[in-house]
Every structure is written in C-alpha cells, then in structure tokens.
Amino acid sequence: MASVDSENRTGAQEAIPQAVKIIVAGGFGAGKTTLVGAVSEITPLSTEEVMTEAGYGVDDLSGVEAKSTTTVALDFGRITINQDIVLYLFGTPGQDRFWFMWDELAEGALGAVVLADTRRLDTCFHAVDFFERRQVPFVVAVNRFDGATAYETDEVREALDISAHVPVLMADARERGSAKDVLVRLVTHVIDGRRPALSG
Amino acid sequence: MNAEGRHARRPERDTFDRTGAFKGRATEEAVENERFLRPYAIDAGTAEPDIVPGRASGPVDLDLLSLVVAARTPGPAEWLRPEREAILAHALHARTVAEIAAEIRLPVGQVRGMVAAMIAEGALQRCGPSRPLERQDILHAVLVGLRSL
C-alpha cells in the first residue's frame with residue numbers, strides 16, 4: 001500500500017556531517033556541564049532519559065505496574081569542527097546507578113574526560129574504572145575549585161591509581177581556554193595511543 | 001460471554017496468580033495512571049515495546065547521535081500527534097536524536113521510539129554522513145578544530 005518514496009527526499013541534498021562524541025564524566029557537581037558549556041557553540045542542551053528502576057535485577061517484567069520511574073538529565077554541547085564533522089560533548093549523569101546510560105554514551109566515543117573534584121576525589125573512581133574497563137581512552141582533568149586545597153597532578157594520579165600513560169592535568173572548567181586545552185590533550189592522547197608502538 | 005466458558009478470554013487479572021494480591025492492587029493503580037498517559041507515550045511504547053531505556057533496541061537501531069531528516073512535511077499522520085509534528089519540524093535539516101529530544105523537550109527514550117516509528121512509516125529518513133571518514137582522519141580533524149577554538 002505504502003509505496004517507497006525515493007524521489008521526494010527533503011533535505012537529501014545538503015551535506016550531512018559525521019556526528020562524533022566525547023564524554024565528560026565525573027562525580028555530581030564536578031563541573032561537567034560547566035566544562036561543556038565553556039567550549040560548546042550552543043548553550044548546552046538538556047534532555048532526559050526516563051528509566052525504570054524495577055527493570056534492573058528484577059526478572060519478572062510481565063507487568064508494568066510495579067515499576068517506578070526516574071528521570072536522568074543528560075546535558076550536551078556541540079562544536080562544529082568543519083563541514084564534515086560535528087563534535088558533541090556529553091556530560092554523564094552524575095549518579096552511579098545510571099550505568100546503562102554510560103554504556104551507550106561510551107559506544108563509539110572518541111574518548112572521555114574524567115573531571116576530578118579534589119574535595120571529593122572518590123566520586124570519580126567509578127568513571128576511571130569504567131573507562132579503563134571499556135578501554136575508552138581518557139584523560140583526568142583536575143578541576144580547580146575556589147577554596148579547595150591545591151593538589152599536584154601526581155598526587156591525584158596516585159590517589160586515583162591511574163596508570164602512567166593516562167594524562168592528568170589541572171583545569172578550570174569555567175575557562176574556555178582551559179576546557180579547550182583539556183580536549184586537545186585528550187585527542188592528542190587518543191591519537192598517540194592509536195599509533196602502532198615503535199618500541200619493541 | 002463468560003457463560004460460554006472455553007471461548008471466554010481469560011481476564012487479565014488471572015495472570016497474576018503467581019504473585020497474588022499485591023500485583024492485583026498495583027494493577028488498579030496502573031489502570032488509573034493509564035488514563036493520563038499522553039499520546040506520545042503510547043506512541044513510543046508501540047514502536048519499541050521491549051525498550052530498555054538507554055539502549056538501542058527495536059527494529060531500528062538508533063542511538064543518541066543517529067541522524068535523521070524529514071522525508072515529508074507534516075500531514076494527516078501527524079494530526080493529533082503534536083510531538084510527531086514537532087519532530088518533523090525540527091528535522092528539516094539532518095538532526096541527531098539527542099538534539100531533537102532536547103528541542104522538543106521530551107525524554108530521549110520516547111523520542112527514539114517515535115523516531116523509529118516515523119522512519120518505519122517513511123516520515124523520517126535516517127541519514128549517514130555525506131563523507132564518511134576514517135577514525136584516524138576524524139581524530140586529526142577534531143584536533144585541528146579544537147586547537148582553533
């Protein structure tokens with residue numbers, strides 16, 4: 001009945017860019033959205049995912065009646081790299097229980113930034129673990145908060161038990177230049193990691 | 001009808017015998033809630049009946065960055081479906097599922113369901129990049145782009 005409409009394709013003529021993404025992870029309040037906003041060409045957009053709590057670890061899905069739902073905010077920004085590539089920066093949901101979203105976010109991501117808050121370093125353990133396990137290349141950016149004790153990057157590296165090849169750098173998520181440096185460092189790290197090792 | 005015995009359909013509540021009364025009570029609430037479901041929720045539900053939020057599922061494998069574009073202008077299929085009409089309006093140019101969800105202010109899971117249904121019926125078209133690039137080329141281009149920010 002419905003015929004395949006092949007000639008009338010609205011928008012088929014325009015150049016369609018490739019959409020790629022970088023993940024910005026970290027504990028709640030670590031400055032993820034701030035960092036995204038600092039470099040995004042648009043005010044960070046926000047969408048939400050409705051998740052069904054009872055869907056996890058509960059086998060009987062025959063009825064919907066016992067499920068309770070929670071919404072998870074998902075913030076993202078955009079940087080048009082050139083006419084062929086648009087980069088999206090996704091902030092991960094802060095709470096650990098929303099792992100299912102991390103899986104999707106990590107899928108195909110160029111890499112990830114783990115924002116560390118030195119006042120609550122433990123909040124980024126999960127992110128570090130996750131990206132290591134999923135083999136998503138990442139850098140750790142130590143967000144400088146006013147009033148927080150200044151730590152050396154080595155101290156943070158040690159505290160988080162991050163392997164030597166993972167870059168750890170200081171950052172100010174509010175500063176565009178600083179946020180940009182973090183992303184540049186990440187992409188450089190990703191490119192370096194993909195190069196075949198020359199040393200035997 | 002019930003008098004006909006074997007022809008009568010088992011009422012839905014009979015399926016709850018495994019878990020007993022609690023489920024029956026919860027169902028009453030669910031039925032009550034159902035009256036207030038907005039059409040898009042039903043819409044999205046039918047497109048991906050077994051959707052696990054956050055995971056690509058269903059016949060059309062869509063993720064947050066899947067690009068879609070309107071294949072036609074809003075028509076009778078969108079009457080009384082303002083959400084679908086909004087999706088078409090926002091997809092005049094190729095847009096990602098995430099952007100559409102943010103713009104029409106609906107949960108991305110629901111939008112994903114509606115977009116999948118709209119692709120299936122031909123209102124939206126999925127699109128891939130005009131110039132597919134190798135990962136390495138993408139990385140180098142992104143590096144150049146970021147440095148020039």
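Colleague: What percentage of chain B counts as buried?

Modeller: This is a predicted model, where local features need pLDDT of at least 70, side-chain atom pairs count only at pLDDT 80 or more, and totals for chains, interfaces and linings use all residues. Residues are numbered from 1 along each chain as written, chains are lettered from A and ligands numbered from 1 in the order written, and side-chain values use heavy atoms, leaving out hydrogens and water. Buried means under 20% relative accessible area, with exposed over 50% and partly exposed in between (1.4 Å probe, protein chains only). Of the 149 residues in chain B, the buried share is 44%.

Colleague: In what order do the elements of chain B run?

Modeller: Helices (H or I, at least four residues) and strands (E, at least two) are DSSP runs, numbered from the N terminus. Chain B has six helices and three strands. Starting at the N terminus, the order is α-α-β-α-β-α-α-β-α.

Colleague: How far does helix α5 of chain A reach?

Modeller: That helix covers residues 176-194, which is 19 residues. The expected span is 1.5 Å times one less than the number of residues. Here that gives 27 Å, and from first C-alpha to last the helix comes close to it, reaching 27 Å.

Colleague: Are α5(A) and α6(B) roughly parallel or roughly antiparallel?

Modeller: Axes are lines fitted to C-alpha atoms, for helices over the stretch in contact, and angles run from 0 to 180 degrees between N-to-C directions. α5(A) and α6(B), residues 135-147 of chain B, pack at about 155°, with axes 9 Å apart. Angles under 35 degrees count as roughly parallel, over 145 as roughly antiparallel, 65 to 115 as roughly perpendicular and the rest as oblique. So these two helices are roughly antiparallel.

Colleague: How many nonpolar residues are in the contact of α5(A) with α6(B)?

Modeller: Contact means heavy atoms within 4.5 Å. Among the residues that meet are Leu183(A) and Val187(A) from α5(A), and Leu139(B) and Leu143(B) from α6(B). Ala, Val, Leu, Ile, Met, Phe, Trp, Tyr, Cys and Pro count as nonpolar, Asp, Glu, Lys and Arg as charged, and the others, Gly among them, as polar. Alongside three polar and four charged residues, the nonpolar ones number nine.

Colleague: How do α2(A) and α3(A) lie to each other, and what is the angle?

Modeller: α2(A) spans residues 99-106 and α3(A) residues 125-134, with axes 12 Å apart. Trp102(A) and Phe130(A) are among the residues that meet. The angle is about 45°, so the two helices are oblique.
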